[in-house]
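Colleague: I would like to go through this model with you term by term, setting each value against its definition.

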Amino acid sequence: MAWTVGEEMPPLEKKVEKVNLVMYAGASGDFNPIHWDDEFARAVGLPGVIAHGMYTMAQAARALTRFAGGVGRLRSMKVRFSAMVRPGDTLTVKGRVAEVLPDGNARVEFWAEIQDGTRVLSGGEAVLA
């Protein structure tokens, strides 16, 4: 694939529902009740159930691999978790090609935000083949 600096990744939009978090808990083995039990989450000082950070990062990986043309094209990925995602939020992953590397791979800068524009993932960087 030929990359172009400034090329934008098609945004991925995902409405986050509690059932997604329960399913992710089962898939990941992370059964921390802050991700599925509102009463427990509030008891530990949260506003209610929150999404797994890795669930949010998985949505970013999904957007990146779609942009790259397949799972095998994601070479590396890093990101900073910067805010919580809650059931009912609409998560949107966006990004753009920041650099075409000498080997032809692309360095992509990406982020994820919820419906009010709050960035929940920031400083994201990935290398795509």
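Colleague: Which residue takes a positive phi just after helix 1?

Modeller: That residue is Gly 29, with a positive phi of about 85°; helices here are DSSP runs of H or I with at least four residues, strands are runs of E with at least two, and both are numbered from the N terminus. The model is a predicted one, in which local features need pLDDT of at least 70 and side-chain atom pairs count only at pLDDT 80 or more, while totals for chains, interfaces and linings use all residues. Residues are numbered from 1 along each chain as its sequence is written, and side-chain values use heavy atoms, leaving out hydrogens and water.

Colleague: Which residues of helix 1 are buried, and why are they said to line one face?

Modeller: In helix 1 (residues 18–28), the buried residues are Asn 20, Leu 21, Tyr 24 and Ala 25, where buried means under 20% relative accessible area, exposed over 50% and partly exposed in between, with a 1.4 Å probe and protein chains only. Seen down the helix axis, these residues fall within an arc of 140°, so they line one face of helix 1; the arc is that of the directions from the helix axis to the C-beta atoms. In general, an α-helix has 3.6 residues a turn, so residues three or four places apart point the same way. The face turned away from the buried side carries the exposed residues Met 23 and Ala 27. Among the elements covering the buried residues of helix 1 are strand 1 (8–15) and helix 3 (53–68), contact being heavy atoms within 4.5 Å.

Colleague: How many aromatic pairs does the structure hold, and what makes the pair of Tyr 24 and Tyr 55 edge-to-face?

Modeller: The structure holds two aromatic pairs. In one of them, the centres of Tyr 24 and Tyr 55 lie 5.6 Å apart with 80° between the planes. Rings of Phe, Tyr and Trp (its six-membered ring) pair if their centres lie within 6.5 Å, and planes under 30 degrees apart count as stacked, over 60 as edge-to-face and the rest as tilted; the pair is therefore edge-to-face. Tyr 24 lies in helix 1 and Tyr 55 in helix 3, so the pair ties together parts that are 31 residues apart in sequence. Both tyrosines are buried.

Colleague: Why are strand 1 and strand 2 called edge strands?

Modeller: Five strands form an open sheet in the order 1-3-4-5-2, with antiparallel pairing. Strand 1 and strand 2 (74–81) each pair on one side only, two strands being paired if DSSP finds at least two bridges between them. Six bridges join strand 1 to strand 3, and six join strand 2 to strand 5 (residues 119–128). Within the latter pairing, Lys 78 has Glu 125 as its bridge partner.

Colleague: How do you know that His 35 is buried, and where is it placed?

Modeller: His 35 has a relative accessible area of 6%, which is why it is called buried; its place is in the loop between helix 1 and helix 2 (38–43). Not counting residues up to four places away in sequence, His 35 touches Leu 21, Asp 30, Val 49, Ile 50, Ala 51 and His 52. A polar atom of the His 35 side chain lies 3.5 Å from the backbone nitrogen of His 52.

How values were computed: A polar contact is a pair of N or O atoms within 3.5 Å; within protein, one must be able to donate a hydrogen and the other to accept it, and residues adjacent in sequence count only if both atoms are side-chain atoms.
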